[in-house]
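These are my notebook entries on a structure that I am opening for the first time.

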Amino acid sequence: MAENMLCVKNIKKSFGGVHALKGVDLTIKKGETHCLAGENGCGKSTIIKVISGFYQPDEGTIEIDGKSYENLTTSDAIAAGIQVIYQDFSIFPNLTVMENLAFNQVLAEKKKFVNKKEFRKIAEEAVKKINFDVDLDARVESLPVADKQLIAISRALLHNAKLIIMDEPTTALTRKEVTRLFDIIAELKKEGMTVLFVSHKLDEVFEISDSITVLRSGENVHSCPIHEMTEEKFTYYMTGRNFDAIPQKEVPDFEGKEPMLKVQDLSAPGFENVSFELHGGEVLGIAGQLGSGRTELSLALYGMLKPYGGTIWIDGSEVKLNSVADAQKMGIALVPEDRLTEGLFLPQPIYKNIAVASMDSLAGKGGFLKESSELELSQGWVEDIGVATKDHTLPVMTLSGGNQQKVVLARCLATNPKVLILNGPTVGVDIGAKYDIHQLLRSLAGQGMAILVVSDDVAEVAALCDRAIIMKGGRVAGELDGADLNDENLYGATV
Amino acid sequence: MNKKVKSMVKQTEFYVLCIIIAFAVIIQIRSGQFLTSNNLMDLVRSMIVPGIYAICALLSFVSTGADVSFPLIAALSAYVSVVLGNKWNLGVVPIFLIAILLGCLIGCINGFFIVKYRFNSLIVTLGTSSICSGILFGTFEAGRTELPEKLYTVSKVNIATVKNSATGLGSALPSTFVIMVALYVIAYLVLNYTMIGRSVYALGGDEVSAQRAGIAVEKVRFGVFVVNGGIAAIAGLCYAMMSYFYMPNEYAGAEMLVIAAVILGGTRMTGGVGTLRGCLLGTFLLTMVSNSLILFGISVYWEKVVIGAIIIVGTAISAIQARNAGNPFAGKKKKEA
């Protein structure tokens, strides 16, 4: 009986000239929940693919359950009890739950014909393992994300799994669903299952794992039991940088000053009777969970959702925001919730993405756009904000999540807004870039910009904002500021 | 049971059936000629060839790769087999085998470019269509051709004949009907009860997942185009048998109506979803409309307007349904393997 479920040593792997893994070690004890942490592009996905036999490493040894493998193939890995639950769950949305659960197993047994009874038996066995209550005949596409994940988990358990690898399993889940997932992981652990949990979210890592390995740019940085890890160390190992905590500012006194944005009893589909004031130089948070109306509020303030009641004042004068153009004219800019589908033109060059909102001011005589002025504008912002790229004529796709977000920010800032609304400013952004973005927002507020941060990430709101309004079920449920504005209070208020 | 009824009502096929019934009632009331034995028989007769083509369209859409080459594969392989059949005085079975073989070969060309070079299937099949047409009319200078004797004899065999006592009009169900039924039965069994068949659906649902599950994605996709070639060739010969002559000019252009019928029957152009039942219903509906508008005394030109309108409304219904199903993969960015 080997003590270690998995022991890989000195794994190297390059693609073309890029060294994705530069000698990674990873040891997972039997029955533990091990966390693999690291920022985007650190080699997490590559090492998972090596362990699951998808990639052959250039160098290094792989030992699973005490047995060494020379050329590990995907079927070897499955036979050895390794199951990967991918971020997209690897399911077939068009097939029924039953087929999704049984398909891989029947296929692996190299059967040629479909026996519906056998399919159902396998499926029933699978859902029983985690007491998952689901209609086996439902089409998977009609189910919520959390259920899709449970399908992937119960399917993985079918194959006599000994080590389950979960690749960032919590990305698309609500807080409640995450709790349910963690309960299931705890249950599996009781039964002796080894779990490799891939994540870069601090709180989750501390909550679920027994030990942790941190990777950075293809190298091991640190491995230790979880109780030896602290938040500061974790951040340092992940990024290789030390961060000063953003100082909590005293609540500034805006008494007697005209607010930059004032909203009175605003109602639109999704929220009702929202009132608040936002001054120049202030960072105000709107905290709320999915469905609390926070996103709708941000859309209404940007002219994308028509309010049916209430009043909006900008800089003291009442305005009607019937379109995005109206909002832009008033000096409002929005960083949308999903930069990939709502914000960026991914295949287009970085500079065009930055310049696109400033086209009117860049256009020369006769309304023709000069490429040189686009380039000039973009170059300035790329330098100011610190977008990490060699060349801003490359497509935005080539950037990491954090740098893409900086591009969206640069575009908004290039229009010289008075009010900057950010919906989920650091979703899918790694810690280093998140820190940069927070610093930038603080300094913009310092220069007098009014900033509205809309988010469900309570830690972010607590760290970044001077004051926060809590939204729940489409209404304002409270307000926090000063020392009261912390993770715990916010979390308690939003749930 | 209640659950079954509910899920049935949600399916596109159900709406198509409703539209068919509504049309039938209207035509019956207006002309009194719909529910006559000869009209119904004529309808079934007219949908044999488009019905077979519909299997090709279904397979290609479900596995995510539009195929528009089937009418010209049909034309070319039918021509070659008819000519060879005349020359060597072949029997029915060898003639069909030659056609199927040639159809599969052209299908291989489609599959090769689509799978190996990952070219867009619409473009590739448009290309092969054009090449087939060029060979047929340019190289072979194909014209109206008599059928080989043995094939002609079989094509004269009817499995049923009816006569409308009121009008004196008669109609017959040709032997090719058996071929269509056989193809549908085989396709049904393969698509629903074999792992290959389910793999076609799985591949259409999510290609990356299919690959990870261990499906030979490239082989399945290649296979679909080869099989499509074979089925198209069979349809080509059926068409010649039903007109008692091989007529090369009659083939081109059939793809649009067939594709419309298949989409109308609930097949998603984005892949993974579609049933043979839907194909039959969609084909029946469009055949019915094009046949029966004459009974109203509506001109042939208006017939096209009506068909166009049905296609738009019908596809809109299935598109809305697909959207409501909340398909998270629709139009999503490509995933890494």
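**Entry 1**

I began with Y53(B), and, leaving aside its neighbours within four places in sequence, I found Y53(B) in contact with F70(B), A232(B), A235(B), A254(B) and V258(B); two residues are in contact here if their C-beta atoms, placed from the backbone, lie within 7 Å. I note at once that this is a predicted model, in which local features need pLDDT of at least 70 and side-chain atom pairs count only at pLDDT 80 or more, while totals for chains, interfaces and linings use all residues. Residues are numbered from 1 along each chain as its sequence is written, and chains are lettered from A and ligands numbered from 1 in the order in which they are written.

I then asked which residues touch the most other members of the largest nonpolar core. In this core of 157 residues they are Y53(B) and A74(B); a nonpolar core is a set of buried Ala, Val, Leu, Ile, Met, Phe, Trp, Tyr and Cys residues joined through C-beta atoms within 7 Å. Helix α12 of chain B, residues 217-243, gives the most to this core, with 13 residues; helices (H or I, at least four residues) and strands (E, at least two) are DSSP runs, numbered from the N terminus. I also recorded a second, separate core of 71 residues, which includes L278(A), Y302(A), V408(A) and V454(A).

**Entry 2: helix α7 of chain B**

Next I followed helix α7 of chain B, residues 121-139, which has 19 residues and reaches 25 Å from its first C-alpha to its last, close to the 27 Å expected at 1.5 Å a residue; the expected span is 1.5 Å times one less than the number of residues. In α7(B) I listed S121(B), V124(B), T125(B), T128(B), S129(B), C132(B) and L136(B) as buried. They cover an arc of only 140 degrees around the axis, which puts them on the same side of α7(B); the arc is that of the directions from the helix axis to the C-beta atoms. For burial I used this rule: a residue is buried if 20 or more other C-beta atoms lie within 10 Å of its own, exposed if 12 or fewer, and partly exposed in between, with C-beta atoms placed from the backbone.

On the other side of α7(B), I found I123(B), S130(B), G138(B) and T139(B) exposed. What covers the buried residues of α7(B) includes α4 (48-62), α5 (70-88) and α6 (92-116) of chain B. After α7(B) comes E141(B), whose phi is positive, near 45 degrees.

**Entry 3: where chain B touches chain A**

I looked up the contact between the chains, which takes 23 residues from chain B and 19 residues from chain A. On the side of chain B that touches chain A, α9 (176-193), α10 (195-205) and α11 (207-213) of chain B each supply at least two residues, and α10(B) gives the most, with six residues. By class, this side of chain B has 10 nonpolar, nine polar and four charged residues, where Ala, Val, Leu, Ile, Met, Phe, Trp, Tyr, Cys and Pro count as nonpolar, Asp, Glu, Lys and Arg as charged, and the others, Gly among them, as polar.

**Entry 4: chain A as a whole**

I counted 18 helices and 20 strands in the secondary structure of chain A. The radius of gyration of chain A is 25 Å, close to the 23 Å that the globule rule gives for 495 residues, so chain A is as compact as a globular protein of that length; the radius is taken over C-alpha atoms, and the rule is 2.2 Å times the number of residues to the power 0.38. Along its principal axes, the C-alpha trace of chain A spans about 75 × 50 × 50 Å.

**Entry 5: single residues of chain A**

I placed A477(A) in strand β20 of chain A, residues 475-481, and noted that A477(A) and G288(A) are 189 residues apart in sequence but 9.4 Å apart in space, C-alpha to C-alpha. Is N416(A) buried or exposed? With 11 other C-beta atoms within 10 Å, N416(A) is exposed, and its place is in the loop between α15 (401-414) and β17 (419-423) of chain A. N416(A) has a positive phi of about 55 degrees although it is not a glycine.
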